[in-house]
Amino acid sequence: MSFVLQNLPYAYDALEPYIDAKTMEIHHDKHHAAYTTNLNTALQGSTSEGKTIEEILSNISTLPVAVRNNGGGFFNHNLYWDVMAPGGAKLPEGDLLKAIDNAFGSYQNFKEAFTKAALTRFGSGWAWLVKQGDSLVISSTPNQDNPLMDMAEVKGTPILGVDVWEHAYYLKYQNRRPDYVDAFLNVVNWDEVARRFKG
Amino acid sequence: MSFTLPSLPYAIDALEPYISAKTLEFHHGKHHQAYVTNLNNLIVGTEFENADLETIIKKSEGGIFNNGAQVFNHTFYFEQFSATPAAEPTGALKETIEAAFGSLDAFKEAFNKAAATQFGSGWAWLIKDLSGKLSIVQTSNAGCPLRSGFTPLLTCDVWEHAYYLDKQNLRPAYIADFWKVVDWKVVEGRF
């Protein structure tokens with residue numbers, strides 16, 4: 001079995017003006033496609049072939065660096081497309097909102113802490129909202145690492161992630177990462193984040 | 001001591017069409033400037049307040065290292081280009097490259113591979129080590145060969161901001177164009 005690049009769940013221009021169509025097209029059709037192809041190449045003939053991406057990531061410290069980089073890139077981008085949407089709930093609600101309030105005090109505090117994690121990740125990487133049992137924490141990882149990896153500093157189930165590789169925002173925002181992170185928070189699909197929180 | 005952003009040693013559009021004026025405007029005017037500003041802010045009240053850049057790169061950690069090394073790396077990167085570059089090394093540098101890598105083409109091939117395979121943000125370098133031997137090294141993020149005691153001779157910035165406006169995901173196309181503007185006279189001076 002090999003991994004397949006999923007289609008975007010919406011049109012390239014669906015997240016305009018927050019994230020532009022050209023960025024979405026290159027990000028999905030070129031970057032995500034390359035991670036998928038390179039992951040399949042790296043797994044060919046290995047004992048990991050046929051395992052789920054989650055199984056592979058949970059064991060990543062024992063696998064070649066090409067699997068770590070491309071397996072992370074494959075999984076992380078799948079999550080990223082899914083946790084954005086043009087419509088959907090604009091704010092967390094219900095049990096997820098309660099968990100956010102418990103962990104961070106308020107949605108506003110969560111936003112500040114998540115933004116800080118995204119802005120202080122030096123170089124390429126991701127910021128995450130991570131589920132640990134019933135509670136939530138924020139973390140960030142370098143390059144294409146993520147909280148499912150066995151060597152991650154903060155382990156758990158990522159339920160929201162923002163890509164802060166420059167390719168995620170450079171065509172529209174250039175050096176202004178804060179503007180991009182702010183725009184991202186406008187297109188978060190909180191229904192999908194809640195679904196992932198329920199597990 | 002307070003650091004200042006060095007001016008580009010050529011016009012903003014001098015490297016067109018290989019590196020665009022727009023890329024240089026952001027890369028020098030925004031990114032490089034931000035590293036200088038951040039460094040100046042971060043060193044206030046620390047042991048590095050009056051240190052030179054090399055000391056900062058060799059001894060600091062965290063934000064001071066990241067910004068200090070990026071100030072050096074970018075100055076070093078921008079200084080090695082020219083609109084009328086010497087297209088090949090000559091003399092002792094040429095001989096040393098041929099002795100180390102077999103030929104100029106073989107060196108470029110190895111350097112290109114280092115630049116293309118540096119995963120995430122970082123740099124590829126031609127360095128002279130403590131014994132005078134030439135090698136190619138990769139550094140991630142702000143990594144700088146001065147920290148290891150090496151003498152850097154040439155570098156390629158492979159942070160996406162160095163090429164994304166011009167080449168998007170096509171890093172190899174950027175690396176190919178990079179060679180069109182490298183001034184080997186500058187590299188010889190460093191050697």
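Visitor: Is B:V186 buried, partly exposed or exposed, and what is its relative accessible area?
Guide: In this predicted model, the classes rest on relative accessible area: buried is under 20%, exposed is over 50%, and partly exposed lies in between (1.4 Å probe, protein chains only). B:V186 is therefore partly exposed, with a relative accessible area of 25%.

Visitor: How are residues and chains labelled, and which pLDDT do local features need?
Guide: Residues are numbered from 1 along each chain as its sequence is written, and chains are lettered from A and ligands numbered from 1 in the order in which they are written. Side-chain values use heavy atoms, without hydrogens and water, while totals for chains, interfaces and linings use all residues, side-chain atom pairs count only at pLDDT 80 or more, and local features need pLDDT of at least 70.

Visitor: Which residues does B:V186 touch, not counting residues up to four places away in sequence?
Guide: B:V186 is found in helix α8 (residues 184-190) of chain B; helices are DSSP runs of H or I with at least four residues, strands are runs of E with at least two, and both are numbered from the N terminus. Contact means heavy atoms within 4.5 Å. With residues up to four places away left out, B:V186 touches B:E79 and B:Q80.

Visitor: At what angle do α4(B) and α5(B) pack?
Guide: Axes are lines fitted to C-alpha atoms, for helices over the stretch in contact, and angles run from 0 to 180 degrees between N-to-C directions. For helix α4 (residues 91-101) of chain B and helix α5 (residues 104-117) of chain B, the axes are 8 Å apart and the angle is about 70°.

Visitor: Which residues of α5(B) meet α4(B)?
Guide: On the α4(B) side, the residues are B:I97, B:E98 and B:F101. Those in α5(B) are B:L104, B:A106 and B:F107.

Visitor: What kind of aromatic pair do B:F111 and B:W179 form?
Guide: Rings of Phe, Tyr and Trp (its six-membered ring) pair if their centres lie within 6.5 Å; planes under 30 degrees apart count as stacked, over 60 as edge-to-face and the rest as tilted. The centres of B:F111 and B:W179 are 5.3 Å apart and their planes are at 65°, so the pair is edge-to-face.

Visitor: What kind of pair do B:Y163 and B:Y174 form?
Guide: B:Y163 is buried, with a relative accessible area of 3%, and B:Y174 is buried, with a relative accessible area of 1%. Their ring centres are 5.0 Å apart and their planes are at 20°, so the pair is stacked.
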